[in-house]
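Student: Please walk me through this model. I would like to learn how to read its features one by one.

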Amino acid sequence: MLRATAFALIMIGVVSGTSEASGLTATQTVELATRSVDATGQERLTYERAEDVAPGEQVRYRIAYVNDGANAAENVTLVMPVPAEMVLVEGSVETAGSTVRFSTDGGARFDARADLKIDDAGTLRPARGDEITHIQWQFDDPIAPTQSGAISFDAVLK
């Protein structure tokens, strides 16, 4: 088992953000996913702060943000790495009114998920979830004063 705090430390400091206004603050959490079935038979995921994570368990990396400034934060871009020990869960990225792009090369280049390709011995193929190294959120609109939200993705420990 690995400690979730180790995953959090990997993420802190690598998260980057740019904007044309100060006052945007963010808080990162790592949460363990628990599966259950509700009264209608639908599977549900609930999340609580992760302490220990075992291989095969799913976690959510989440950044909650708020604009505490007096002006709108414009041109906001946030980037989170996907730890090497984790495999991205397809379809789990929370967009929060942003354009999301993915990287397989340590964040040097970002593409839409459908366009993300790997050169495999001269043949291009779609990138797998375990090959994604970073996720980028480019916000479509300014983040107004007092506005808050969250971005996140789920991953499974290898």
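Tutor: Accessible areas come from the Shrake-Rupley method with a 1.4 Å probe; for residues, only the protein chains shown count as cover. By that method the chain exposes about 8,500 Å². Carbon and sulfur atoms supply 50% of that area. Two cautions on the source. This is a predicted model, where local features need pLDDT of at least 70 and side-chain atom pairs count only at pLDDT 80 or more, while totals for chains, interfaces and linings use all residues. Residues are numbered from 1 along each chain as its sequence is written, and side-chain values use heavy atoms, with hydrogens and water left out.

Student: What share of the chain's residues is buried?

Tutor: Buried means under 20% relative accessible area, exposed over 50%, partly exposed in between (1.4 Å probe, protein chains only). Of the 158 residues, 39% are buried.

Student: Which elements does the chain contain?

Tutor: Helices (H or I, at least four residues) and strands (E, at least two) are DSSP runs, numbered from the N terminus. Here there are one helix and 13 strands.

Student: In what order do the strands of the open sheet lie?

Tutor: Strands of a sheet pair through backbone hydrogen bonds, either parallel or antiparallel. Two strands count as paired if DSSP finds at least two bridges between them. Five strands make an open sheet here, in the order β4-β3-β6-β13-β8, with antiparallel pairing.

Student: How many bridges join β3 and β4?

Tutor: Seven bridges join β3 (residues 24-37) to β4. The bridge partner of A33 is Y47 in β4. Nine bridges link β3 and β6; there V30 stands opposite Y61 in β6. Nine bridges also join β6 to β13 (residues 148-157), with V66 opposite S148 in β13.

Student: How many residues of β6 are buried?

Tutor: Strand β6 (residues 58-67) has seven of its ten residues buried.

Student: How many aromatic pairs does the structure hold?

Tutor: Rings of Phe, Tyr and Trp (its six-membered ring) pair if their centres lie within 6.5 Å; planes under 30 degrees apart count as stacked, over 60 as edge-to-face and the rest as tilted. The structure holds two pairs. One of them, Y65 with F139, is edge-to-face: 5.2 Å centre to centre, 80° between the planes. Y65 sits in β6 and F139 in β12 (residues 134-139), 74 residues apart. Both Y65 and F139 are buried.
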